[in-house]
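Have the viewer open as you read.

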Amino acid sequence: MLSHVTIGTNDVSSARRFYDAVFATLGYSCVRDYGDEGIAYAAADESGSWTYVVKPFDGGEASFGNGTHFAYLAKTRAAVDAFHAAALAEGGTDEGAPGLRPNYSEHYYGAYVRDLDGNKLQAVCYAPK
């Protein structure tokens with residue numbers, strides 16, 4: 001459904017360290033490097049949706065949306081756990097520890113974090129244990 005999402009950052013270098021570690025847990029890596037302007041992440045074969053982490057094009061400060069978050073598919077619950085741990089290790093903040101969310105569906109296993117700019121991210125696995 002999505003071509004890509006764009007996440008604003010005020011510090012590309014710090015964002016690169018954060019997202020390199022966090023996205024590696026889900027099998028994504030940096031596929032485009034735009035220097036001080038930003039980076040892009042996708043699967044190694046560049047298929048599927050992409051995530052761009054960039055300085056805002058208007059030159060203003062990046063800010064996060066209240067009520068907005070980006071959910072990334074994880075193949076396993078262990079990958080959700082690793083996503084959460086990597087985000088915290090890289091300076092992100094906890095917004096919801098890994099666990100089942102049965103109010104969404106029976107096998108919905110997710111974790112929520114905020115990146116260094118305050119953007120809310122999630123990893124979710126729908127597979128049964």
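A residue is called buried under 20% relative accessible area, exposed over 50%, and partly exposed in between (1.4 Å probe, protein chains only). Before using that, some housekeeping: this is a predicted model, where local features need pLDDT of at least 70, side-chain atom pairs count only at pLDDT 80 or more, and totals for chains, interfaces and linings use all residues. Residues are numbered from 1 along each chain as its sequence is written, and side-chain values use heavy atoms, with hydrogens and water left out.

Now for the loops. E46 sits between strand 3 and strand 4, and its phi is near 65°, a positive value in a residue other than glycine. E46 counts as partly exposed because its relative accessibility is 33%. F57 belongs to the loop between strand 4 and strand 5, and it counts as exposed because its relative accessibility is 80%. F57 and V22 are 35 residues apart along the chain, and 24 Å separates their C-alpha atoms.

On to the sheet. Helices (H or I, at least four residues) and strands (E, at least two) are DSSP runs, numbered from the N terminus, and two strands pair if DSSP finds at least two bridges between them. Four strands make an open sheet in the order 5-8-7-6, with mixed pairing. Its edges are strand 5 and strand 6, each pairing on one side only. Neighbouring strands here are turned by 15° against each other on average, direction ignored; axes are lines fitted to C-alpha atoms, for helices over the stretch in contact, and angles run from 0 to 180 degrees between N-to-C directions. Helix 2 packs on this sheet, touching strands 6, 7 and 8, and its direction makes about 15° with that of strand 7; contact means heavy atoms within 4.5 Å. Strands 5 and 8 run parallel, paired over 5 bridges, and H69 has K120 as its bridge partner in strand 8.

| Element | Residues |
|---|---|
| Strand 5 | 69–73 |
| Strand 6 | 93–100 |
| Strand 7 | 109–114 |
| Strand 8 | 120–125 |
| Helix 2 | 77–89 |

Strand 5 turns up again at the largest pocket, giving the most to its lining, with 4 residues. The lining divides into 12 nonpolar residues, 3 polar and no charged, where Ala, Val, Leu, Ile, Met, Phe, Trp, Tyr, Cys and Pro count as nonpolar, Asp, Glu, Lys and Arg as charged, and the others, Gly among them, as polar.
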